[in-house]
Amino acid sequence: MNSLLRKNLEELRSRQPLLAERIESEMAKLEPGDFTVTDVSSGRWVKDPSGKAFFERIADHSLSGDCHMVLGVGYPPYLFKVLRGLPKEALAVVVIEPDLRRLLATFSMTSVYMALPRGCRLSFVVWGETALVDEAVAYNVVPLGIFLFTQARKIVHRGIAEVEGEALSALEAKFWDVVRYRVESLGNSPEDTLLGIRHGALNLPRILEGVDGKDLVRIWKDRPAVCVASGPSLKRNVDLLKGNEDRFLIVACDTALLPLLRRGIVPHAVTTIERNLMYEVWMPSVLEEFPEECRGILLVSQSVSEPITAGRWPGPVFVVGKMDSPADMWLVNDVLKKNTMLSGMSVAHMSMCFAVGVGASKVALIGQDLSFDDDGETTHMEGAASLTPDGIARELAYPRLEVEAIGGGRVKTHQMWYYFLQIFERILPNFGEDKVFQCSERGAVIKGAGCMPLREFMARFGDAQRVPRVGEEDVKFGSAESEVSGILVRIGRAKSDISFCLDVLDQMEEEINRVSAPALAPARRRQHAMKVAELLDRLHGANRALAFIGQSYTHLSGVVIAKTRFLETMEDVREWTKVHLDMVSSHRVNLGFMRQWLDYMEAMLSLNVEGEVSMYRGLRDGDLLEPLGEALERFFESGESDLLSPLGLSISDMLCRVDLERQEGVHPELLWMAAKFLALQGRPYEARRLMGRAYGMWHDTVAPSEVVAGFFIDWAAIEASHDLVRAPQFELAISLLDSARDVMPQWTERIDSLKTQVLESQRRYLDAVKLVPEYDLQRRLMERRNAAQEALLRQDLPRAFEEVMAMEEGLEKYPGDVVPHLRWLSKTALDCLGCDDPQVDAACRRAIDFIWEIRDRLVPLCFPFDSRMLDYLRDKGIDVVEIQVEGSQVP
């Protein structure tokens, strides 16, 4: 080994130790061989030791861009010259080379790391093993921001591409698979992660009172398990479980529980993972149809799941944190010291991990197709809870591809299922060989899982002894007082950590202001910028939940940070400053949110709360209506609105155990109070739904005007509020305020003031949405509507009409958004037609003519022309035909 090769391998080992170890291992197996090189005028012919010949052209090395992919290292000094030709702003280079001999030749004859621009990272992909590609991505892509690398410039060695095209393409595809996996692993959004933290805090009583994980291992260890998902193939073998429930630990995914129970198959456990109202998809119907059966089923729920899921479950619960999520590990593991487990990204991953985690001897997966049925359209077995119109539409909208099928050939899947397949294949090596079997009998091959029919699995591994249920064994529920004391201590530490993080943010802001100070040389600015980067690393190192929440923003900001990092122009300084101040601002919000829910958990655990909260702890559903109503009345009558008082915490916990949106015997007054309480907690999305039900119950009833107007005003405030992953419904809020004014015109001044606040909030929201290109048209439509509403408040009706008529551009793509505005335009124009103001009258006629001109695009949308508009059109000599549709006159 010559000195250059040794030096390059040392550099590689410091960056990619797994790859360096693999290269050194493979080097010992290589037979000696030489390259043959023939120079010609336009380049060189190269024959490598394996006998492959390729042509290497004299390349143009004038490159630009921040990130680069080099496909093929060629013959030295090809790669060295490519790296030397990179611009000074280059941040990252990924080299893909499937032939180790060519890479070793480059390492032996050139010092590739010395050729890099200062601060540029270099990594290599030589083999397609997931661990090796993960290492390359983790070193070279993740620290810079994944989204930045999606714009990488590709430098292809044409000669190698001609002789190694298939191998190069396969390695490149594997690289992008890992990048996509990393993107998906960022989580849906920072707000989505915060929602999970909120749910974790609200789930605290269920986390502490649930089954002890050690007991589950004790009663189910060494038993065979069958994990039931709801793929189309489930209908082929699910009935084999009937009568065999005692021989296997049966773990059902939430969406598969209803089909099992309808076949008389009662699983031992059901798993649920989603944080966004997955509860609605399966649980209400299951509890309504099979309440007694559910008492004997263990609910295994993620801490991020809707609190009402574990709160309403009539049987034993086991609420766990996601080992895959740093936010969950912070809250459930670090702070609470409670159960966490590997869970992947879907309920099917979770079911498999749960079965393995409790010590199952063998695990069968059924209904785990990860593909469409033979018709290319069917996504789930008939009767699966996830077969909703929205669910089906979402599955059909993903990009399609094909993967290897069970039994040979190919099967159609889509991008998200393929991502789930990757996760299975990443998790399975952790379990050892011969542990998990794909028994779905159709669908995608899961590498690492044995493949056999379910009937064979049952014959080979069925347990002769009966597999017990949780309720039949002596198991521990709840946490000891000493555990609770320890949790309170750790909550105090977590709050201190948040205070430390806020201090670091203060330091960051000071350094950012120094960067943007006038008359400062770029070199001095860069020194302060480096300090900001160091402080950001310190911040993320201090709190892994905050680092996880902030990573999406960091990745999205990578492009701007990269382009402006030299701070050589004032425009660069302004952009860099804005991005970093936004980052500081978002982290302050994140930390404030985390502290809010730490305060909630601390108060919930304090001794002076125990009597109030525990008084109704055993009640659920309808039994809670009376005590909840009384508690809410006391809460609002007191006028203190202390959410962390014993009364406030008791109400919060009761709301986690009753489904007010569906529960029979609920009064609208109770829904209204509960909605206001949820809004005070920062949960307006849940509050909106209760207000909607209350309105439906009150519709066409008589109530005092002040009460009706007050209800509309409260509802409007709730609709106009942000709630993490759910955007405010500004238009509905404005409509509700208009309704309140119609009911109580004497409150017009107050209501107009509220409307102005809503419109200002909507304007700030629209300014933020400008950063998201795919929402551009929707944003423009909302801006038009916002401007129209502001014009109405100024009593400038012509301007309001012009803004609404300009929304025509969105009629093709977003008719549901535009048509209500056109209806309002029609009604208002007719109401004001013939008024004394000539300008307004002319605007009204222009608006009505506009509606008529676009009538052909409105007819399929059943736009209702009322009788006054028809009269106006007849007066203009236009023929109008009326048709009867289901008992209504629809012109």
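Visitor: Is cysteine 439 buried or exposed?

Guide: In this predicted model, cysteine 439 is buried, with a relative accessible area of 0%.

Visitor: How many disulfides does the structure hold?

Guide: The structure holds zero disulfides. Cysteine 439 is in no disulfide, and the nearest cysteine sulfur, that of cysteine 451, is 7.5 Å away. A disulfide here requires two cysteine sulfur atoms within 2.5 Å.

Visitor: And cysteine 501, what is its relative accessibility?

Guide: Cysteine 501 has a relative accessibility of 0%, so it counts as buried.

Visitor: Let us turn to the strands. Which residues of β14 are buried, and on which sides?

Guide: Strand β14 covers residues 363-366 and is covered on both faces. Val363 and Leu365 are buried on one side, and Ala364 and Ile366 are buried on the other.

Visitor: In which sense does β14 pair with β8, parallel or antiparallel?

Guide: Strand β8, residues 225-228, pairs with β14 in the parallel sense, over four bridges. One of the contacts to look for is alanine 225, whose bridge partner in β14 is valine 363.

Visitor: How many bridges link β14 and β17?

Guide: Three bridges link β14 with strand β17, residues 436-438, and the sense is parallel. Alanine 364 has phenylalanine 437 of β17 as its bridge partner. Both valine 363 and alanine 364 belong to the buried residues of β14.

Visitor: What about lysine 337, where is it found?

Guide: Lysine 337 is in the loop between α16, residues 326-335, and β13, residues 340-341. Lysine 337 is not a glycine either, yet its phi is positive, at about 55°. Its relative accessibility is 51%, so lysine 337 counts as exposed.

Visitor: Which residues does the cis peptide bond join?

Guide: The cis peptide bond joins proline 76 and proline 77, with omega about 10°. Proline 77 is in the loop between β4 and α3, the latter spanning residues 78-84.

Visitor: What is the strand order of the sheet that contains β4?

Guide: The order is β6-β5-β4-β7, an open sheet of four strands with parallel pairing. Its edge strands are β6, residues 121-125, and β7, residues 153-156, each of which pairs on one side only. Neighbouring strands of this sheet are turned by 20° against each other on average, direction ignored.

Visitor: How many bridges are there between β4 and β7?

Guide: There are four, in the parallel sense, with β4 spanning residues 67-71. Leucine 71 has valine 156 of β7 as its bridge partner.

Visitor: And the three-strand sheet, is its pairing parallel or antiparallel?

Guide: That open sheet, in the order β1-β2-β3, has antiparallel pairing. The edge strands are β1, residues 36-40, and β3, residues 53-57, and each pairs on one side only. In this sheet, neighbouring strands are turned by 20° against each other on average, direction ignored.

Visitor: How many bridges do β2 and β3 share?

Guide: Strand β2, residues 43-47, pairs with β3 over five bridges in the antiparallel sense. Glycine 43 stands opposite arginine 57 in β3.

Visitor: Changing topic: how many cavities of 30 Å³ or more does the structure hold?

Guide: The structure holds one cavity of 30 Å³ or more. The volume of the largest cavity is about 280 Å³. Its lining has 18 residues, and those closest to the centre are Ile308, Leu655, Asp659, Glu661 and Glu686.

Visitor: Which helices each supply at least two residues of that lining?

Guide: They are α13 (278-289), α15 (307-312) and α29 (684-698). The largest share, three residues, comes from α29.

Visitor: How many of the lining residues are nonpolar, polar and charged?

Guide: The lining of the largest cavity has 10 nonpolar residues, no polar residues and eight charged residues.

How values were computed
Residues numbered from 1 in each chain as written. Predicted model: local features only at pLDDT ≥ 70, side-chain atom pairs only at ≥ 80, totals over all residues. Heavy atoms only, no water. Buried < 20%, exposed > 50% of the residue type's maximum accessible area, 1.4 Å probe, protein only. Pairing = 2+ DSSP bridges. 1 Å grid on protein atoms, 1.4 Å probe; cavity = no way out; pocket = protein on both sides within 12 Å on 5 of 7 lines; lining within 4 Å. Points joined across faces, edges and corners; volume = space filled by probe spheres on them. Nonpolar A, V, L, I, M, F, W, Y, C, P; charged D, E, K, R; others polar. Axes fitted to C-alpha atoms, helices over the stretch in contact; angles between N-to-C directions.
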